[in-house]
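Please read the points below with the sequence and the model open side by side.

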Amino acid sequence: MTGMEFYTNGHIVSEADSMRQKLGDLAKQYDATSAIIITDTGICELGYVDIAQESLEQAGINVVIFDRVVADPPIEVVEEAIELARANQCNLVIGLGGGSPIDTAKIVALYPNDFQSVNELLEADISGFKKMPLFAIPTTAGTGAEATFVSVITAKDGSKKAIYTPKILPDVAILDATLTLKLPRHITAATALDAMVHCIEAYTSRTKKNPISDALAVKGLQMLWSNFYTVLHHGDDIDARADMLLGSTLAGIAFVNASVAAVHGLSYPLSINFHVPHGHANALVMCSVFTFNLPVAAPPYAELARAVMPIDTSGMTDIEAAHQFINQLKDFLKTSGLKYRLNELDITGQDIPALADMVINTYARLIETNPMDMSLEEVKMIYQEIL
């Protein structure tokens, strides 16, 4: 086996109502006196910020709230949050919400260092930077941001930029399934399929696949797969929600150490140019990408198929099991209620050349980790298939 390095959180709490019951005590373990909660207005309206604030204040910790995070947070929004943390000398940063608040919190936690603009961090070596204690509390079961050391933000030119370093890995992840009970069906579906893609791409990564990520990807996918229909049809099932949330975290740990691949490469242009939510964009392209990969990836897809659907794949060859696996993913997508054709999202054939160019010229690194190489024409073909 080739050498490897593996990173994950130091402390993961997976328990219903744990934000209310344990957040304040966990914060005191880090000697916190002033905390900033990074979130968005939707999370505030659900009352979750009030719960977090009460738990912290009962522990004697001052709380300031930044609730202006939006999807794919622009650099300007991140910088506003940094200014608030600096002004209040916060010594604990908490990301509460989906991937965007947590990704914002990761950068805010670097605020004690000498930089004037987040743009400086995109090119700098920040391995020696100081980081404030960082907690991540996800309210969706999909992004895995609570367990990753990457932060994706939007530059002033509209492009997605990533800060990718173990320095920004959250110290504590609190997995409280009660925070996912109010998720609408379409967000439940999109984030769950996003997490499944994380597991599958981690398991089939051409460049960073490793035994630890493999084990986490398989277990994460089993948890997500077996509970998908339950959370769609019975969203108040707390046990199913808890399994989805933990499965998503396992997926996050797996993919950040093994990498994602072409599904993400083809989904990013849909999000950037047409504002398709990230999980939905991944769900749109996943089956066509996996089918394209079959000439080399049938064996690992078959391994995953046998792990998540052993009876349905009994006695099948690798290629048969791989096809069964992809067909079930197609059924998940169709059952989800999400739109699954590009033209349903006002994306036309005329848009495909520009989308494909962005994949090849901007996200080539995600083609490099894919099981198979993709040419510009092959990317166009995949988009055309789902038009």
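Notes on the predicted model

1. Glutamate 15 counts as partly exposed because its relative accessibility is 32%, where partly exposed lies between buried (under 20% relative accessible area) and exposed (over 50%), computed with a 1.4 Å probe on protein chains only. Glutamate 15 forms a salt bridge with lysine 22, and the closest N and O atoms are 2.6 Å apart; a salt bridge here is a side-chain nitrogen of Lys or Arg within 4 Å of a carboxyl oxygen of Asp or Glu. Lysine 22 is itself partly exposed, with a relative accessible area of 31%.

2. Two remarks on the basis of these values are in order. This is a predicted model, in which local features need pLDDT of at least 70 and side-chain atom pairs count only at pLDDT 80 or more, whereas totals for chains, interfaces and linings use all residues. Residues are numbered from 1 along each chain as its sequence is written, and side-chain values use heavy atoms, with hydrogens and water left out.

3. A search of the whole structure finds 9 salt bridges, among them one between glutamate 80 and arginine 68, with the closest N and O atoms 3.0 Å apart. This pair links distant parts of the chain, since glutamate 80 is in helix 4 and arginine 68 is in the loop between strand 3 (62-66) and helix 4, 12 residues apart; helices (H or I, at least four residues) and strands (E, at least two) are DSSP runs, numbered from the N terminus. Glutamate 80 is partly exposed, with a relative accessible area of 34%, and arginine 68 counts as partly exposed at 46% relative accessibility.

4. Another of the salt bridges joins the side chains of arginine 306 and aspartate 318 (2.9 Å, N to O). Here too the pair links distant parts of the chain, with arginine 306 in helix 11 and aspartate 318 in helix 12 (residues 318-336), 12 residues apart. The relative accessible area is 32% for arginine 306, which is therefore partly exposed, and 31% for aspartate 318, which is likewise partly exposed.

5. Alanine 81 belongs to helix 4 (residues 75-87) and counts as buried because its relative accessibility is 0%. Leaving aside neighbours within four places in sequence, alanine 81 is in contact (heavy atoms within 4.5 Å) with Ile36, Ile38, Phe66, Thr104 and Val108. Threonine 39, in the loop between strand 2 (34-38) and helix 2 (41-45), also counts as buried, at 0% relative accessibility. With the neighbours within four places in sequence again left aside, the contacts of threonine 39 include Phe66, Asp67, Arg68 and Leu96.

6. Which residues other than glycine deserve a check of their positive phi? Glutamine 89 has a positive phi of about 50° although it is not a glycine, and this residue lies in the loop between helix 4 and strand 4 (92-97), where it counts as exposed because its relative accessibility is 63%. Histidine 275 has a phi near 55°, lies in the loop between helix 10 (262-274) and helix 11 (278-308), and counts as exposed at 67% relative accessibility. Most residues other than glycine have a negative phi.

7. Strand 6 (residues 150-154) is mostly covered, with 4 of its 5 residues buried. Strand 6 runs antiparallel to strand 7 (residues 160-164), and 5 bridges join the two, where pairing requires that DSSP finds at least two bridges between the strands. Valine 152 has alanine 162 as its bridge partner in strand 7, and isoleucine 153 has lysine 161. The two strands form a hairpin with 5 residues between them, and glycine 158 in the turn has a positive phi of about 95°.

8. The protein is divided into domain 1 (11-179) and domain 2 (183-386), with bounds that come from an automatic or database domain assignment. The two domains bury about 1,800 Å² between them, 69% of it on carbon and sulfur atoms; buried area is the accessible area (1.4 Å probe) that two parts lose on being put together, summed over both. Ala141, Lys160 and Ala177 supply 29% of the area that domain 1 buries against domain 2, more than any other three residues. Across this interface the rule finds 0 salt bridges.
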